[in-house]
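Subject: Structure handover

Hello,

Here is the structure for your files. My notes on it follow below.

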Amino acid sequence: MVRTTQLLHPPRDPAPLRHAATVLLLRDSSDPARPGIEVLMTRRSTSASFAPGAYVFPGGGIDAADALAHAQSTRRATQSGLHLTQAIAAIRESFEELGVLLARRADGTHANTDDIAALDRHAPFAAQCATRGLTLDGAEVFVLAHWITDRDLPRRFDVPFLVARMPADQEPVADEAEQFEPVWVRPADALARHAAGDFFIIFPTIRTLERLQAYATVQAVLEACAVNDEPLFTSCPRAGLLNGAESRHMEHEAPFGELALVCPDGRIVHALDWQHEQAVALLKNLQRLTAPNPGFMTGPGTNSYIVGDPATGHIVVDPGPDEPGHIERLWRAAGGDIRAIVCTHSHPDHSPGAPRLQAMCAPSGRTVPPILGLPSATTSRENSRFTPERALVDGERLELRGTGPDGDVTHTLEVLHTPGHAANHLCLVLVEDGLLISGDHILNGSTTVIDPPDGNMAAYLESLDKLAASCDEHGIDFILPAHGYVLGDLRQTPDNLSAPAEGGAKAAILQLKAHRLKREAKIAQAMQKQPDGSADDWVRLAYDDVPERLWPVAKRSLLAHVERIQSLGGFNL
């Protein structure tokens with residue numbers, strides 16, 4: 001776990017969570033020309049304390065009485081007590097806000113307009129239903145999603161987004177106090193109107209509507225939710241700045257891990273724009289400078305990392321291409337005090353800048369930093385040859401020590417030999433802070449190309465296992481890739497929003513390995529289906545979910561998988 005002394009911003013406690021429930025009332029479109037799902041939405045008061053003027057789904061806070069009304073509701077065998085309480089709260093709120101009543105009469109039929117007219121929206125709900133002989137229809141309310149309000153907001157809620165089918169013969173009537181203008185809308189239309197600026201919806205609503213578009217019918221939604229009777233997804237988003245404006249992101253989206261590292265308490269101060277002119281501070285002892293070599297294979301560019309501080313000096317990891325402006329900016333970001341230059345591997349976007357950076361340090365009067373790494377193997381391509389001044393040993397530690405304003409400080413990088421992408425590839429663990437500098441072994445936004453003969457899929461997978469074990473040993477929560485934002489699989493629970501979920505970065509590594517093995521299984525199937533086929537034939541079958549323009553690159557990794565399949569006694573050419 002990152003030392004609090006290295007955080008850029010002193011952590012602060014987020015606002016407390018309030019428990020609430022909201023429900024998406026759904027119906028199938030009656031327009032044969034536009035089939036699909038419609039969802040009931042309503043506009044909040046412009047004076048509301050939360051999301052004023054936004055179009056939302058009906059809902060509100062969970063009352064103590066909701067948990068006491070279980071006996072008055074139907075219940076699925078797999079429905080937990082918590083989910084039943086949430087369903088009852090949503091049923092109550094739907095009635096109070098929109099006059100929609102999810103309840104059944106003694107004969108099993110849905111409550112009708114007479115039942116609704118007999119109930120007072122402002123009186124105790126469950127007691128009125130009991131008096132009229134109505135049973136709440138909790139068994140027909142399912143959990144679609146679980147949202148936890150972003151940490152930066154002053155009013156925060158822990159709220160399930162539930163789904164239920166709208167009763168056939170009921171019409172919504174807004175209370176004209178909290179909710180106004182109920183409207184049936186297709187998810188795609190709501191999103192389009194929001195984009196056009198005439199239908200304001202907030203981030204969780206947007207993301208939920210996006211997910212809802214995948215379902216053709218109400219029944220399909222309900223069946224998907226009933227499979228495990230748990231939310232299909234859970235999220236507590238984070239926000240940064242993009243082009244100067246707030247940009248919110250869910251856990252599976254690329255910037256989330258970086259925002260969790262830099263601003264664990266959720267404050268919105270970190271810029272997510274990719275630029276090459278100045279180093280980006282991630283921690284007090286960690287900067288990233290992205291080289292000006294964006295492209296198809298490099299994404300926004302190669303990330304050079306600067307570990308250390310003015311008291312300890314610095315180690316530069318992956319100086320990148322020999323681009324004079326980038327190398328000078330690296331030198332300046334380190335204040336000219338560079339104690340070592342480490343190359344994770346010999347590829348031309350990682351190591352060529354090392355000699356120029358070393359030469360810039362020579363006139364400073366300090367000891368010239370050594371260029372460290374592993375020598376390229378004989379299998380490397382001509383443009384990927386690299387010979388360090390000293391070869392690093394697996395498990396070796398590089399230490400920076402000094403005395404700063406808060407006393408003695410140490411930053412330790414542990415070397416891990418991780419062949420696979422390249423025979424001489426290595427990763428580094430910043431031990432005190434539980435950070436993995438992954439080079440090209442793990443990327444954010446794409447999978448690593450394994451290009452034989454220097455690339456080897458069997459070695460790559462074994463190295464993933466080694467990194468997963470290192471996560472356990474060092475408590476690694478974040479991965480710093482050579483391309484893309486910081487990675488962190490940090491799915492917090494409502495009662496522990498400031499801490500990474502169990503597994504941390506290890507979960508991302510295991511997911512990556514599972515993805516590779518799944519792809520390998522598709523390749524094996526393609527080989528069996530077309531035993532006389534070429535690599536191009538197999539790519540077409542095994543990478544049918546990948547754009548065709550990427551197949552030439554995918555073919556290189558396919559050949560690495562073929563080698564591994566054959567080494568395991570699989571299909572022989």
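Start with strand E7, residues 142-148: 7 of its 7 residues are buried. Buried means under 20% relative accessible area, with exposed over 50% and partly exposed in between (1.4 Å probe, protein chains only). Strands are DSSP runs of E, at least two residues, numbered from the N terminus.

This is a predicted model: local features need pLDDT of at least 70, side-chain atom pairs count only at pLDDT 80 or more, and totals for chains, interfaces and linings use all residues. Residues are numbered from 1 along each chain as its sequence is written, and side-chain values use heavy atoms, without hydrogens and water.

E7 has two partners to look at. With strand E8 (residues 156-165) the pairing is antiparallel, over 6 bridges. Pairing requires at least two DSSP bridges between the strands. Ala 145 sits opposite Phe 161 in E8. With strand E10 (residues 233-235) the pairing is parallel, over 3 bridges. There, Trp 147 faces Ser 235.

Now the cavities. A cavity is a set of points on a 1 Å grid over the protein atoms alone where a 1.4 Å probe fits but cannot get out; lining residues have an atom within 4 Å of a point. Points join across faces, edges and corners, and volume is the space filled by probe spheres set on them.

The count is 1 cavity of 30 Å³ or more. The largest cavity holds about 50 Å³. Its lining includes Trp 274, Arg 288 and Tyr 485. Strand E14 (residues 286-290) gives the most to that lining, with 3 residues.

Best regards

Methods
1 Å grid on protein atoms, 1.4 Å probe; cavity = no way out; pocket = protein on both sides within 12 Å on 5 of 7 lines; lining within 4 Å. Helix = DSSP H or I, 4+ residues; strand = E, 2+ residues; numbered from the N terminus.
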